[in-house]
Amino acid sequence: MSDVNGVQSESPRKRLKNDPTNKVAVVLGAQWGDEGKGKVVDMLAMTSDVVCRCQGGNNAGHTVVVDDAEYDFHILPSGIINPKAVSLIGNGVVVHLGQMFEEIEKNEAKGLKEWKDRLLISDRAHIVFDFHQSVDGLQEQERSKDNSGTKTLGTTKKGIGPCYSSKAGRHGLRMADLLGEFSVFEQRLRTLVDAHQRMFP
């Protein structure tokens, strides 16, 4: 027992490594999609406190049916349906903001509610811009013209690969950049666009 401001309280319980309440469930896809990850996450999310996406973008799709409502998720963690779970979009995810808001609106019309206080986005998540999507399509066109036998990737043209290229090149823009001085954000965006226009005139 400890005495804090004259109030007796028990000291916080130290969790043991093998405490059964210390559970983390990880759902990984070992193929190229369509393994049913979204449905598994939705099932696990019913008893979870936090549901987190750690990588990828809105090129994936998860359909979750609850009662008569069919929810479609591309960027949102599919566990967002659980009103008791916090949904986190992590720093490894790339986010097209316009398409994320469209997805939210469509799912709100189907019954998704009370998500605003439960959806968190890492300030280190990178932003997918429309020009990333254009570059994705242009790169796919170039691959189709290649006579070396290289085939197209079959990309969804959502700009995921080009955005990760910007991230790897350390000139991509992150959510945190939106929160800073707008003139700095604007200049960095112009520099990024100019670089892509030089590569793809």
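## What counts as a salt bridge

A salt bridge here is a side-chain nitrogen of Lys or Arg within 4 Å of a carboxyl oxygen of Asp or Glu. The idea behind it: side chains of opposite charge can pair when their charged atoms come close. Arginine 190 and glutamate 186 make one of these, with their closest N and O atoms 3.0 Å apart.

Before going on, keep in mind that this is a predicted model, where local features need pLDDT of at least 70, side-chain atom pairs count only at pLDDT 80 or more, and totals for chains, interfaces and linings use all residues. Residues are numbered from 1 along each chain as its sequence is written, and side-chain values use heavy atoms, with hydrogens and water left out.

## The chain as a whole

Let's step back for a moment. The protein chain has six helices and nine strands; helices (H or I, at least four residues) and strands (E, at least two) are DSSP runs, numbered from the N terminus. Of its 201 residues, 32% are buried. Buried means under 20% relative accessible area, exposed means over 50%, and partly exposed is in between (1.4 Å probe, protein chains only).

Now for contacts, meaning heavy atoms within 4.5 Å. Among contacts in the protein chain with a separation of 6 or more, 65% are between residues 24 or more positions apart. The chain exposes about 13500 Å², and carbon and sulfur atoms supply 53% of that. These areas come from the Shrake-Rupley method with a 1.4 Å probe; for residues, only the protein chains shown count as cover.

## A bridge between a loop and a strand

How many salt bridges does a search of the whole structure find? It finds three. One of them joins lysine 110 to aspartate 72, with 3.0 Å between the closest N and O atoms. Lysine 110 sits in the loop between helix 2 (97–109) and strand 8 (119–121), while aspartate 72 is in strand 5 (residues 69–73), so the pair ties together parts that are 38 residues apart in sequence. Lysine 110 is partly exposed at 34% relative accessible area, and aspartate 72 is partly exposed too, at 26%.

Arginine 188 pairs with aspartate 177, and their closest N and O atoms are 3.0 Å apart. This pair links distant parts of the chain, 11 residues apart: arginine 188 belongs to helix 6 (residues 182–199) and aspartate 177 to helix 5 (residues 175–179). Arginine 188 is partly exposed at 31%, whereas aspartate 177 is buried at 17%.

Back to the pair we opened with: arginine 190 and glutamate 186 both lie in helix 6, four residues apart, which is about one turn of the helix. Glutamate 186 is partly exposed, with 31% relative accessibility.
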